[in-house]
Amino acid sequence: MQAERLDFVAVPSRDAAALRAFYVDVLGLRPDDNANYEVWIGDTCLGIWEPERVGLEFEPQRNGPLALRVSDVAEARVELEEKGVEFQGETLDTGVCHMAVFRDPDGNDLLLHRRYKPYE
Amino acid sequence: MIAVERVDFVSVPTRDAAQARRFYVELLGLHESTTPDDVFPEFETSNVTLGVWQPEAVGMEFSPGSGIAVRVPDVEAARNELEAAGVQFRGETMDTGVCHMAFCSDFDGNGIILHRRYAEPRPDGMGHTESREREDERKAGAAS
């Protein structure tokens, strides 16, 4: 089998409209022109869905965050913190990149990420 | 407003990197792109990297991620192939009217959706899975 591409990442929510507003208005992601609950980052689509509407238990996504590339993790973190976004712990310096973990309003994990070490 | 430039990777938690490799490389056919800088394996889809990591190796609790949809040429054929390899599916394959979706988990319990859209994008529709760049390309192709 050959999986061709990643079509979307499913993002669980209890309030898809509120979560969409967070992704668009706070994170600045591009809403899909044709779908209410899909937003885009470059070539990657996030599909917001409500598990409870289809009889499934809601559980926020933990441990599977998307790494969102920003030009400067520290600056972006300050800007999001000023808007009330809560981060989990200090910004991590892995030796090749900076990473800061935060959560969206439904409690799903996300990462601000910037690699600073050049690729060899 | 912060400027998010792209998704550098989608994190995929595992308890066993070899088990993750078996699913993503041997079963889904993804290319492994792990470099000496990487502590854990990385696998490539054509548009975004899957970055495997082991929460328990860094003192965190393991819990599986919730769901990534991978495009396959034929959902039923892919499902049969994964089932033969021991992958568990939940429920029947769904036909949403625009796409087929089958729900399974990798060997760590991370949610995976085998997905194939068969309809053209609708002006009013859900399930639009095309980036603006690709949509523009397609429309330019149709107009010429």
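**Ground rules**

I count residues from 1 along each chain as its sequence is written, with chains lettered from A and ligands numbered from 1 in the order in which they are written. Since the model is predicted, I kept local features only at pLDDT of at least 70 and side-chain atom pairs only at pLDDT 80 or more, while totals for chains, interfaces and linings use all residues.

**Entry 1: chain A as a whole**

I began with the secondary structure of chain A and found 2 helices and 8 strands. Helices (H or I, at least four residues) and strands (E, at least two) are DSSP runs, numbered from the N terminus. Reading from the N terminus, I noted the order β-α-β-β-β-β-α-β-β-β.

Next I looked up the overall dimensions. Along the principal axes, the C-alpha atoms of chain A fill a box of roughly 45 × 40 × 30 Å.

**Entry 2: two domains in chain A**

Chain A splits into domain 1 (1-51) and domain 2 (61-120); such bounds come from an automatic or database domain assignment. I find their centres, taken over C-alpha atoms, separated by 18 Å. Across the boundary, 10 residues of domain 1 of chain A are in contact with 9 residues of domain 2 of chain A. Contact here means C-beta atoms, placed from the backbone, within 7 Å.

On the domain 1 side, E1 and helix H1 (16-26) of chain A each give two or more residues. H1(A) gives the most, with 4 residues. I sorted that side by class and got 8 nonpolar, 1 polar and 1 charged residues. My classes put Ala, Val, Leu, Ile, Met, Phe, Trp, Tyr, Cys and Pro under nonpolar, Asp, Glu, Lys and Arg under charged, and the others, Gly among them, under polar.

**Entry 3: where chain A meets chain B**

I then turned to the two chains: 41 residues of chain A are in contact with 51 residues of chain B. Elements giving two or more residues to the chain A side include strand E1 (5-12), strand E4 (44-49) and helix H2 (73-82) of chain A. E1(A) gives the most, with 7 residues. By class, the chain A side holds 21 nonpolar, 10 polar and 10 charged residues.

Strands also cross between the chains. E5(A) and strand E1 (residues 6-13) of chain B run antiparallel, joined by 4 bridges; I call strands paired when DSSP finds at least two bridges between them. In this pairing, A:Leu66 is opposite B:Val10 in E1(B).

**Entry 4: a sheet built from both chains**

I traced an open sheet of 8 strands with mixed pairing, in the order E2(A)-E3(A)-E4(A)-E1(A)-E5(B)-E8(B)-E7(B)-E6(B). Its edge strands are E2 of chain A and E6 of chain B, each pairing on one side only.

At the chain A end, E2(A) and E3(A) form a hairpin with 6 residues between them. E3(A) and E4(A) form another hairpin, with 2 residues between them, and A:Gly42 in the turn has a positive phi of about 55°. I followed A:Trp40 in E3(A): A:Arg30 stands opposite A:Trp40, and A:Trp40 in turn stands opposite A:Cys45 in E4(A). A:Glu38 and A:Trp40 point one way from E3(A), A:Val39 and A:Ile41 point the other way, and all are buried.

In chain B, E7(B) and E8(B) run antiparallel with 7 bridges, and B:Ser105 is opposite B:Gly111 in E8(B).

**Entry 5: helix H2 of chain B**

Which residues of H2(B) are buried? I found B:Val75, B:Ala78, B:Arg79 and B:Leu82. They lie on the same side of H2(B) because they cover an arc of only 100° around the axis; the arc is that of the directions from the helix axis to the C-beta atoms. The face turned away from the buried side carries the exposed residues B:Ala77, B:Asn80 and B:Ala84.

Among the elements covering the buried residues of H2(B) are helix H1 (17-27) and strand E6 (89-95) of chain B. After H2(B) comes B:Gly86, with a positive phi near 95°.

Methods:
A residue is buried if 20 or more other C-beta atoms lie within 10 Å of its own, exposed if 12 or fewer, and partly exposed in between; C-beta atoms are placed from the backbone.
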